[in-house]
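Student: Could you take me through a close look at the aromatic rings in this model, and at what lies around them?

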Amino acid sequence: MANKNPLLSWLFGADPEEGPEAPAEQAETPAPPETPPPRDNISDPFRLTLASDHAVNKLWRLWTERAGRQYPPSFRFEDPEGETEPIPAAQAKQELARLLLAVNASANQRLGKVQPKKTDKASKGKAPPPPPALDAQAVAFVTNDRLTAWVFAYPPVGGGKELDRGMLSKALGEKQVTYGIDNALLDALPGRPDRYFRLYIAARGRAAAHGKDGRIIDMFSRRPERKMVVDEFNRVDYASISFIQNAEEGDAICRIIAPTKGEEGKTVLGQDLPARDGKPAAVPKGRNTALNGQGDALIATKTGHVEFNGRTFQVKPVMDIDGNVDYSTGHINFLGDVHVHGDICTGFTVRAMGNITVDGVVEAAEVEAGGDLIMIKGAQGDNRAVLRAGHSIFAKYLENCCIYAMEGLHADCIINCDVYCDGLVEVRSGRGTIIGGSIRAAHEVSAEVIGSRSECHTDVVLGGLPCQEFDHDVLMREIAELTEELEKTELQPESPAKFTRMSKLRMQLSLNKSKLEQFDRDLEELREDQDNPGVRRLTCSVAYPGASVSIGPAFYRFRQETRPVVARLLGEEICIV
């Protein structure tokens with residue numbers, strides 16, 4: 001039905017092709033709705049929700065009364081051509097609040113010009129004066145980060161001009177938008193049917209792209225995995241356990257990825273946005289390593305074993321002994337790793353700062369490794385062998401030895417040995433038997449069999465720091481012996497030899513006392529870091545009479561064959577499950 005209201009014709013103009021007496025059948029648009037547009041998608045974090053009596057909805061209702069049903073207002077941050085939202089979700093809430101202020105100000109101002117002013121009583125019954133003709137109005141909105149500029153428009157009033165490119169450019173100019181303008185949109189928008197009461201992206205800035213930090217790609221493991229593979233017969237191939245990572249001279253130890261440069265950005269206002277360059281990675285350069293000519297790799301400068309010490313890679317030389325350690329080689333004292341392809345014979349000593357691997361048998365010898373000690377076959381110590389490792393010890397069998405392992409001990413069987421271990425003693429593969437001797441472990445002893453049917457005394461002591469405490473006792477004995485020797489030397493007649501001897505003794509005594517003080521402090525800290533003693537336990541499949549277990553002050557001796565066994569400290573007593 002044609003609209004014959006002259007006020008509405010003034011508000012939004014008349015169709016030049018539709019006369020005042022146009023027939024009803026020519027009207028193709030439906031009747032204007034009586035209610036404001038539905039408030040759909042209220043929970044949409046990118047949409048501005050307006051009340052039904054908001055100035056925008058009032059303007060829209062007036063427009064639809066004249067022009068027929070139109071697209072409802074939709075102030076939503078969206079990019080019809082993009083796959084993602086044009087602004088981050090975390091930023092949308094703040095931007096919607098700013099957009100609401102801009103919409104309120106512009107809509108209220110325009111509605112005030114459109115609505116006729118109230119008249120006095122004398123003018124009642126008279127037609128209200130027509131409102132002034134208003135051209136379409138474009139409004140620009142710039143996000144707080146100045147990376148996006150939006151436009152929305154209100155329709156013309158009273159025969160005013162429709163939206164055109166000049167109005168859009170003027171709105172952007174008022175906001176000083178000069179960069180990244182979408183000219184194609186500005187040209188096409190005046191001809192779109194949904195050009196009014198909607199947000200459109202009119203300009204995009206360029207965000208600053210910060211450079212990426214450099215990084216390191218390791219070609220060698222920083223901590224080789226200590227894992228024993230057990231076959232279907234419950235046997236461990238100790239020959240396959242090797243922590244040596246061999247590198248030839250010139251081999252790449254790690255790749256160095258250079259940082260990237262940052263790319264400056266630009267706001268829609270034409271302002272530059274600075275970018276941060278990436279930081280170079282800290283190169284883990286250690287002993288016997290160097291950067292290559294291009295600076296993109298850390299290489300080995302000599303052949304050896306690659307090891308990571310917590311901060312840097314270093315290449316340690318590896319000493320290979322093709323045969324036995326005997327009179328042909330003498331004692332071995334090496335700063336790197338040692339690989340003995342034969343046996344270590346009785347009476348000889350092998351010391352290394354790194355790992356020691358022995359393919360043969362260790363006899364009544366002394367072996368000390370700063371890292372791991374791996375014995376492919378085992379040790380027959382004749383009650384004279386001393387085996388030490390700064391990390392762990394791996395062996396097929398251990399007989400009549402004194403053993404010190406700072407981290408862990410793994411073997412197939414242990415017979416008549418004195419074991420001190422600050423970690424876990426595990427004897428599960430192969431025979432999995434501990435017979436005779438004493439096993440002192442800080443945390444746990446796990447075995448298949450403890451003791452023997454002949455009721456051989458086998459003692460298991462749990463708790464404390466066995467290795468540290470033993471070394472402490474050794475240092476105390478050395479100080480006592482030095483003090484006694486110094487007292488005896490003081491009683492000797494005066495002579496240059498006595499003076500020299502006393503000077504050496506005093507220096508050694510002072511050094512040992514300093515070491516003892518530091519040892520006491522370190523031991524106290526380690527004890528404070530220890531877990532609750534209640535977690536110490538002995539686990540085995542069978543324990544024979546003659547075996548005993550001590551956890552702290554509590555003691556328990558097995559009087560009969562018991563299987564299986566889990567011994568833990570419960571209160572002040574040992575509980576056998």
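**A nonpolar patch, then the aromatic pairs**

Tutor: In this predicted model, let us begin at the surface, where Ile217, Met219 and Ile257 make a nonpolar patch of about 230 Å². Isoleucine 217 belongs to strand E6, residues 215-218, and because its relative accessible area is 34%, isoleucine 217 is described as partly exposed.

Turning to the aromatic rings, the count comes to 13 aromatic pairs. In one of them, the ring centres of tyrosine 154 and phenylalanine 197 are 5.9 Å apart and the planes stand at 70 degrees, which is over 60, so this pair is edge-to-face. The pair links distant parts of the chain, since tyrosine 154 sits in strand E4 (residues 148-154) while phenylalanine 197 sits in the loop between helix H5 (183-188) and strand E5 (200-204), 43 residues apart. Both tyrosine 154 and phenylalanine 197 are buried, and they also take part in one aromatic cluster, together with Trp63, Phe75, Phe152 and Tyr196.

Another pair is made by tyrosine 556 and phenylalanine 558, whose ring centres are 5.2 Å apart with their planes at 85 degrees, so this pair is edge-to-face too.

Key:
Residues numbered from 1 in each chain as written. Predicted model: local features only at pLDDT ≥ 70, side-chain atom pairs only at ≥ 80, totals over all residues. Heavy atoms only, no water. Patch = residues over 30% accessible without salt bridge, like charges linked within 9 Å, V, L, I, M, F, W, Y side chains within 5 Å. Areas by Shrake-Rupley, 256 points an atom, 1.4 Å probe, with all protein chains shown as cover. Salt bridge = Lys/Arg side-chain N within 4 Å of Asp/Glu carboxyl O. Helix = DSSP H or I, 4+ residues; strand = E, 2+ residues; numbered from the N terminus. Buried < 20%, exposed > 50% of the residue type's maximum accessible area, 1.4 Å probe, protein only. Phe/Tyr/Trp six-rings, centres within 6.5 Å; stacked < 30°, edge-to-face > 60°.
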